[in-house]
Amino acid sequence: MHFLPEQASNFAPEVDQLLFFLLIVSIFFTVVIFGAIFYFAVRYRRRSDYELPHSQHTGMALEIIWSVIPFGLTMIMFGWGASIFFRESRPPDDAMNINVVGKQWMWKLQHMEGQREINELHIPLGRAVRLRMTSEDVIHSFYVPVFRVKQDVLPGRYTQLWFHPTKPGKYHLFCAEYCGTKHSGMIGWVYVMEPADYQAWLSGGAGEGSLASRGEQLFQSLACINCHKEDGSGRGPMLVDLFGKTVEIEGGKPVVVDEAYLRESILTPQAKIAKGFQPIMPTFQGLVTEDQLLQLIEYIKSKGKKK
Ligand code: CUA
């Protein structure tokens, strides 16, 4: 029986230290406050029916002390928590990307190289991992206690989560948001492997090609290529070098081309029309799955400059 799960990511020791600090402060004040209540209740109890308390003036110094100390403590908690929060929100540039799609009731994971997994995630030791996550139905939440990270997975939106595994092993993965009858069964395993083992695992049984190449096949089979021509002569915007750029929008503010914008442009093309183009693109809502959307996005990203 462990008080806390193992520490297996860069965040784990930091989160535990903060938690420990919060616990210590809470226990200290609980003891002091309840102790004072009992002590004063006994010390200043009414001793006769005719006893009347005489008026009291609290000292200014005391008032200042019991305002400033808690204020300082809560500011430490705020600053400390915020610093961890901000680091958890900013994945490093060299993180490896993995796509996660949650659905009732399983986790579907896709590696950039093409490997697909269900309720299992294999990752190498010593590299930051960034998960790009979405849901096919309701809200789920991706939770790996040993990494001390948890992030909601929402339909119609991409959220992200990153961590740097620090210890090889097999760890629990949970869904931490009640999502229906089999929510409690929406669990899995994360395998943190030695880099060489991971390479071996990766080379076994991809077969279907990388995400970007599957996206390219879709791009052709859905006939996107008829309008989005490589030479820019098509009726839709050219997609080469597009990812990460800022584009002008008809009657709106410029937008940065990111995953969310590409997703929106495939599902609701009329929402933001690139300047100089007609609103003629049909929606692909219902025609492509979340997995396929991610493949298409990966294909479009692969046509951009490599960082
Ligand atoms: Cu998915 Cu709970």
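Which helix do the buried residues of H2 pack against? Keep that one in mind while reading; these notes are on a predicted model.

1. **The H1/H2 pair.** To settle the opening question: the buried residues of H2 pack against helix H1 (11-43). Those buried residues are Leu-73, Ala-82 and Ile-84. As for the geometry, the angle between H1 and H2 is about 160 degrees, and their axes are 11 Å apart. With the cut-off for roughly antiparallel being over 145 degrees, H1 therefore counts as roughly antiparallel to H2. H1 passes H2 in a left-handed crossing.

2. **Who touches whom there.** A handy reminder when picking residues by eye: an α-helix has 3.6 residues a turn, so residues three or four places apart point the same way.

3. **Length check on H2.** Helix H2 covers residues 60-89, which is 30 residues. At 1.5 Å a residue it should span 44 Å, and its end C-alpha atoms are 43 Å apart, so the two values agree.

4. **The sheet.** There's an open sheet of 5 strands, ordered S4-S10-S9-S6-S7, and the pairing is mixed. Strand S4 (120-124) and strand S7 (149-153) sit at the edges with a single partner strand each, so one side of each has no neighbour in the sheet. From one strand to the next, the twist averages 20 degrees.

5. **S10 and its partners.** S10 (residues 188-193) pairs with strand S9 (residues 169-175) through 5 bridges, and these two run antiparallel. Leu-173 is the residue standing opposite Gly-188 in S10. With S4, S10 also has 5 bridges, but here the sense is parallel. For a landmark in that pairing, Pro-124 has Met-193 in S10 as its bridge partner. Since 5 of its 6 residues are buried, S10 is largely enclosed by the rest of the structure.

6. Is H6 mostly covered or mostly uncovered? Mostly covered: 11 of its 13 residues are buried.

7. **The H5/H6 crossing.** The axes of H5 and H6 come within 10 Å, and they cross at roughly 120 degrees. H5 and H6 are therefore oblique to each other, and their crossing is right-handed. From H5, the residues involved are Glu-259, Leu-262, Arg-263, Ile-266 and Leu-267. They meet Glu-290, Leu-293, Leu-296, Ile-297, Ile-300 and Lys-301 in H6.

Notes: Residues are numbered from 1 along each chain as its sequence is written. This is a predicted model: local features need pLDDT of at least 70, side-chain atom pairs count only at pLDDT 80 or more; totals for chains, interfaces and linings use all residues. Side-chain values use heavy atoms; hydrogens and water are left out. Helices (H or I, at least four residues) and strands (E, at least two) are DSSP runs, numbered from the N terminus. The expected span of a helix is 1.5 Å times one less than its number of residues. Buried means under 20% relative accessible area, exposed over 50%, partly exposed in between (1.4 Å probe, protein chains only). Contact means heavy atoms within 4.5 Å. Two strands pair if DSSP finds at least two bridges between them. Axes are lines fitted to C-alpha atoms, for helices over the stretch in contact, and angles run from 0 to 180 degrees between N-to-C directions. Angles under 35 degrees count as roughly parallel, over 145 as roughly antiparallel, 65 to 115 as roughly perpendicular and the rest as oblique. A crossing is left-handed if the near helix is turned anticlockwise from the far one by less than a right angle, and right-handed if clockwise.
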